[in-house]
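Hello,

Here is the structure I said I would pass on. My notes on it follow below.

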Amino acid sequence: MVNASLLYFILFHQSILVSSFSIFSLSTKSSKSYLLVKSLSAATTSSSSSPITVYDNVLPKESCDILHEIASISGLGHKAFSRPLSSSPSFQNLDSPTMIETTLDAILTALGDDSTFVEYWTRQEWRHIEAHADVDEHLAKEQDVSISKNMNGDDDSLGPFSFRYPENGHVLYVKIGTQVQGPTCVFPNVQSGGDLIMGEDDAKQSCSGEKKLTETMIVPAVNGRLLRFQGDALHAVPRPADLWLKSFVVGAPEYHPEEKWGRSVILFNTWKGEPPKNVPLDQNGLEFSDLQKAPLMQETLVNHVQEWDQVTPKEKVVNDNHRGESSESTSVKIWLLGNERRRGYPMRTVKMKAASSSSSLKEALFESHNVSKIYLSS
């Protein structure tokens, strides 16, 4: 149910037209401008090139509430907008960007990200999302059709196909229910289930005789938190949180009430060169109701970057001698999304070993706030 006061607030401000736009200062009348975004500090800027970064306190609570209401209307459909917003067709046509678009643009500007296109979608339910890397979905489907024709002998002129990955993937956690233990698990430098089996830096580790290890970052869902990772990184959301440790799951998951079981997130990818195929681009004026247009208001949608808190992961390893070499290991079964080409592996699941005790791994998966790092081996 959409909160009436929030909707009134949005509609009331919609009457104000945007006459000029600057991502750094939209108003000189208030020290708290609508999107007051400055450069990150040197420490934060240097970390933005890391495969995975996590920031807390990116959004104030008021923004989380409003964005959740708008995201609930926006739905799962993928949309895209071009950057900078001030030069996008929708802006030039006096169709103000949506509040979601304006927020995402502000965050990327703060991160120093100069990507020219942003693809985004939203989700409000805590569902089990199998491990996958985001790709240009429509291009991948076209490639699958071409591969099928080639296998049937219809076209033998086709060469090998490669997936097109975004530059970076992001999860913006907007409103998380009190009973939700739904972390996002990211495997840096791993694109598929086949890569999980091979492990990171396979050739180097094989020569040295060390175990093939795959780093896994477990990021709990926290209101106002931002997760940023390599665009081609495998990632998943297990439900229940310890699904990978179970032989089977009994019972249906709960989704209501939202206050307990909701997991409202805005997911977005950045692209350079050209946007993903067949994703509506700069069409907010055609597709969105007036309710979803971003108002020009004297509030802060995104906290000042100096208020962002970068989260340092904690290693969950039973380790006396060397990283990943443990006296205990735990069997892990990771579910994979997509067809065999997408999975990079013939089976729907990959069986791995975690260099952590079962209790330590469970603690990481059920953690409510701290980001954890574990290591897997095949």
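Strand 6 and strand 9 pair in the antiparallel sense, with three bridges between them. At C185, the bridge partner in strand 9 is A236. Please keep in mind throughout that this is a predicted model.

Strand 6 (residues 184–187) also pairs with strand 7 (residues 213–219), again antiparallel and over three bridges. On that side C185 stands opposite I218.

Is strand 6 covered on one face or on both? Both faces are covered: T184 and V186 are buried on one side, and C185 and F187 are buried on the other. As background, side chains in a regular strand alternate between the two faces of the sheet.

Then the largest pocket. Its volume is about 420 Å³, and 27 residues line it. Those that lie nearest its centre are W121, R123, I129, H132 and D134. Two or more lining residues come from each of strand 3 (117–125), strand 4 (129–132), strand 5 (168–176), strand 9 (234–237) and strand 10 (262–271). Strand 10 gives the largest share, five residues. Sorted by class, the lining holds twelve nonpolar, seven polar and eight charged residues.

Where does P276 lie? P276 is in the loop between strand 10 and helix 10 (284–287). P276 counts as buried because its relative accessible area is 4%, and the cut-off for buried is under 20%. P276 and R164 are 112 residues apart in sequence, but their C-alpha atoms are 8.7 Å apart in space.

Last, the rings. The count of aromatic pairs comes to five. There is also a charge over a ring: the charged end of R239 sits over Y255, 5.2 Å from the centre of the ring.

Regards

Methods. Residues numbered from 1 in each chain as written. Predicted model: local features only at pLDDT ≥ 70, side-chain atom pairs only at ≥ 80, totals over all residues. Heavy atoms only, no water. Phe/Tyr/Trp six-rings, centres within 6.5 Å; stacked < 30°, edge-to-face > 60°. Lys NZ or Arg CZ within 6 Å of the ring centre and 35° of its normal. 1 Å grid on protein atoms, 1.4 Å probe; cavity = no way out; pocket = protein on both sides within 12 Å on 5 of 7 lines; lining within 4 Å. Points joined across faces, edges and corners; volume = space filled by probe spheres on them. Helix = DSSP H or I, 4+ residues; strand = E, 2+ residues; numbered from the N terminus. Nonpolar A, V, L, I, M, F, W, Y, C, P; charged D, E, K, R; others polar. Buried < 20%, exposed > 50% of the residue type's maximum accessible area, 1.4 Å probe, protein only. Pairing = 2+ DSSP bridges.
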